[in-house]
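These entries record what I looked up in the structure shown below. I begin with the secondary structure and end with an annotated site.

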Amino acid sequence: MRVLVVEDEPYLAEAIRDGLRLEAIAADIANDGGTALDLVAATPYDAVVLDRDVPVVHGDEVARRVVAEHPGVRVIMLTAAGELTDKVTGFELGVDDYLTKPFAMRELVLRLRALARRPEAATPPVLELGPVRLDPYRREVYRDGRYISLTRKQFAVAQVLMAARGGVVSAEELLERAWDENADPFTNAVRITISTLRKRLGDPWLIHTVPGVGYRFGEQ
């Protein structure tokens, strides 16, 4: 197993590296986020032990890019913050695990080995329909090669409609698959989200209303 330790405090970084090496885990050090991204791009690491508050490129951005660009690399985020909101932020970025400082070296080693045993998640397939390309893994949408910024709900609705491959999807199904179980079945949320999504995707419209049935994604 080969690990990159991203930590801006030299003594702590060296202590973590040396502790991992004692457990037969090869470890390198990066003292800032920019160096970390360069090393991950050039070296086949199995995992990154990432301090959240590193300089040059913040740990959050490092995590986001590693998760997006190197899906086979596991990420354990280290932070002095133990608040639930901080942990939620880390997991929303796609990190695999979270460890609050101070921590026991033995616990870090066990977590790394547990991640090494975890099978890689299958990457969701990219959806392409007409001029639109939707990448569920990177959460990106393009029309004719132009990036389109969508809210989470707009993205979820677009994904459900495109996955239907031109088939009609009812408002009830959209509500069930893109909203949580507490959504009001009589809400206007679906209609409003469809309207804003149409505008975001641009002209000519790609989402068509099938009266009394639902919505269909396509060029005609």
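Which strands does helix H1 (residues 10-22) lie across? I found that H1 lies across E1, E2 and strand E4 (74-79), and that H1 runs at about 170 degrees to E2. Axes are lines fitted to C-alpha atoms, for helices over the stretch in contact (heavy atoms within 4.5 Å). Angles run from 0 to 180 degrees between N-to-C directions. Helices (H or I, at least four residues) and strands (E, at least two) are DSSP runs, numbered from the N terminus.

I noted the basis of the values: the model is predicted, local features need pLDDT of at least 70, side-chain atom pairs count only at pLDDT 80 or more, and totals for chains, interfaces and linings use all residues. Residues are numbered from 1 along each chain as its sequence is written, and side-chain values use heavy atoms, with hydrogens and water left out.

I next examined the sheet. It is open, with 5 strands in the order E2-E1-E3-E4-E5 and parallel pairing (two strands pair if DSSP finds at least two bridges between them). Strand E2 (26-30) and strand E5 (97-100) are the edges, each pairing on one side only. The twist averages 20 degrees from one strand to the next. Strand E1 (residues 2-6) pairs with E3 over 4 bridges, in the parallel sense; Val6 stands opposite Leu50 in E3.

I then turned to Asp51, which lies in strand E3 (residues 47-51). An unreviewed UniProt entry places "modified residue: 4-aspartylphosphate" there; positions follow the numbering used here, feature names are shortened, and annotations may be inferred rather than shown by experiment. Asp51 has a relative accessible area of 4% and is therefore buried (under 20%; exposed is over 50%, partly exposed in between; 1.4 Å probe, protein chains only). Leaving aside neighbours within four places in sequence, Asp51 contacts Val6, Glu7, Asp8, Gly59, Leu78 and Lys101.
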